[in-house]
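Let's take a friendly walk through a protein model, one part at a time. Have a look at the picture and keep it in view as you read.

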Amino acid sequence: MFDHKILVVEDEKVLALDIRNSLQKLGYCVPEITASDDDVLQKVAETNPHLVLIDICLARDINGIKMVDVIQNHFHIPVLYLTEYSEDIRLHQQQLSEPFGYILKPCAEKDLHFAVEMAIYKHQISRKFEEERQRLTAIINSMGCAVVVTYANGRIQMMNPVAEALTGWRQEEAYGKDLVEVVSLIDKDMDEVIDNLATQAIQTGEVLNLPDNCTLLAKDGKKVPIGDCVAPIRDVDGNISGAVLVLQDITKRKQIEAQLLRNACHDALTALPNRVLFIDRLRQTIERSRRRNDYNFAVLFLDLDGFKGINDRFGHSTGDDFLVAISRRLESCLRSGDTVARFGGDEFAVLIEDIKDVTDATNVAKRIQESLSVPLNINGYQICPTASIGIALSGHGYEEPQNLLRDADIAMYRAKRQGKARYGVF
């Protein structure tokens, strides 16, 4: 015996009774027969049937199609149409073209059994698919990263809320658009727009990682650094049906990386470039001078005179503030393209690029000496700084940065031995 309940909606009383008898004979439960549109929805709510068997053209011009829409969309109950040949099929061709969606009347018992079982089975399968779709959608929507799913042609099928927020596109707007129109990606290293990654993943059948320096251009023009990957979607048979992009806003990570890089290349106290960064820039300058015969530069090595006495007399806190003030004065003496770095303690190095001759370098040294000759007011103490400066010029065939620094250091110690507050050229 079957435990499926079936509600029969048919205005031809004799036919309705025949159908009811056939269904009960087949083992189905038929709690109600109704022909009134006023009663149908109430009966559906009361009996909660597994299937509604309804005449597509009820009496008194009642539209069975509209009634079915309410039953299916509100109660989520499957419907099997009862219909006749000719006029019914012509008028309702779209609804009756669906497989196992209708049965012709009068109904043979065998045909009725088959149609009812197929209608219920089809509904159960559809419900399972819908439940699975909703479950997968809930999972995707719960993810903390942006997810964009495309069809096999590279056009957007769905986006989760994070993807909507990241791109500035609502799913309804983005649906069916080419991926690059919504997810506009730029490879900043190559300074070029990235082609449709979904299409690339589908064509290669491989997971593709986004470039290291990838930026998303959102709908409002905002640029967001992003990372992660795109992968082809395969069905149970291994056929590719689309692609899925997983994107993450890596702004914070980029900021941390930039800060770590800055910490690695800059002095913590003065915020000046440190020895590592200075030598790197000096090496680039040497390479530049090799390509241009007329390109000259100079390195100045600077040591503060009597800094140990300042620390001993006023304390290390004042000594630190003194070094910071000296750093700002050194910066003010240079052009924007030049570099001043702190090597540690009271030692500083200066790189002066694109100069004509030694006079440009000595003029910078003089300018530094003049700037330092003005007393500093540090924590209520007036301190008069001086410095010894050594200069090494690029015209001696230097190959390595360390050799320039060595010679500038030698010139600096020679100047210090001559009475401090001086400069000397190697």
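The side chain of Thr 318 reaches the backbone oxygen of Phe 314 at 3.4 Å. Keep in mind that this is a predicted model. Thr 318 itself sits in helix H14, which covers residues 316-332. Is this threonine buried or exposed? With a relative accessibility of 5%, Thr 318 counts as buried, because buried means under 20%. Leaving aside residues up to four places away in sequence, Thr 318 touches Ile 378, Asn 379, Tyr 381 and Ile 383.

**Two helices that meet**

Two packed helices are described by the angle between their axes and the distance between the axes. For helix H13 (residues 307-314) and H14, the axes come within 7 Å and cross at roughly 135°. H13 and H14 are therefore oblique to each other. On the H13 side, the contact is made by Phe 307, Ile 310, Asn 311 and Phe 314, while H14 brings in His 316, Thr 318, Gly 319, Phe 322 and Leu 323. Sorted by type, the residues of this contact between H13 and H14 are five nonpolar, four polar and no charged.

**A strand with two partners**

Next comes strand E16 (residues 347-355). Seven of its nine residues are buried, so E16 is largely enclosed by the rest of the structure. Strand E14 (residues 296-304) runs antiparallel to E16, and seven bridges join them. E15 and E16 form a hairpin with two residues between them, and Gly 345 in the turn has a positive phi of about 55°.

**A parallel sheet and its helices**

Which strands make up the open sheet with parallel pairing? There are five, in the order E2-E1-E3-E4-E5. Strand E2 (29-34) and strand E5 (102-104) are the edges, each pairing on one side only. On average, neighbouring strands of this sheet are turned by 20° against each other, direction ignored. Within the sheet, strand E3 (residues 51-55) and strand E4 (residues 79-83) run parallel and are joined by four bridges. Leu 53 has Leu 80 as its bridge partner in E4.

Helices pack here too. Helix H1 (residues 13-25) lies across strand E1 (5-9), E2, E3 and E4, and runs at about 170° to E2. Helix H6 (residues 109-142) packs on the sheet as well, touching E1, E3, E4 and E5, and its direction makes about 125° with that of E3.

Most residues other than glycine have a negative phi, and most peptide bonds are trans.

| Residue | Phi | Relative accessibility |
|---|---|---|
| His 76 | about 55° | 56%, exposed |
| Ala 271 | near 70° | 39%, partly exposed |

Where are they? His 76 is in the loop between helix H3 (64-75) and E4, and Ala 271 is in the loop between helix H11 (251-265) and helix H12 (275-291). For the peptide bonds, look at the one from Lys 105 to Pro 106, which is cis with omega near 0°. Pro 106 has its place in the loop between E5 and H6.

Notes
Residues numbered from 1 in each chain as written. Predicted model: local features only at pLDDT ≥ 70, side-chain atom pairs only at ≥ 80, totals over all residues. Heavy atoms only, no water. Buried < 20%, exposed > 50% of the residue type's maximum accessible area, 1.4 Å probe, protein only. Polar contact = N/O pair within 3.5 Å; in protein donor to acceptor, adjacent residues only side chain to side chain. Contact = heavy atoms within 4.5 Å. Pairing = 2+ DSSP bridges. Axes fitted to C-alpha atoms, helices over the stretch in contact; angles between N-to-C directions. Parallel < 35°, antiparallel > 145°, perpendicular 65-115°, else oblique. Nonpolar A, V, L, I, M, F, W, Y, C, P; charged D, E, K, R; others polar.
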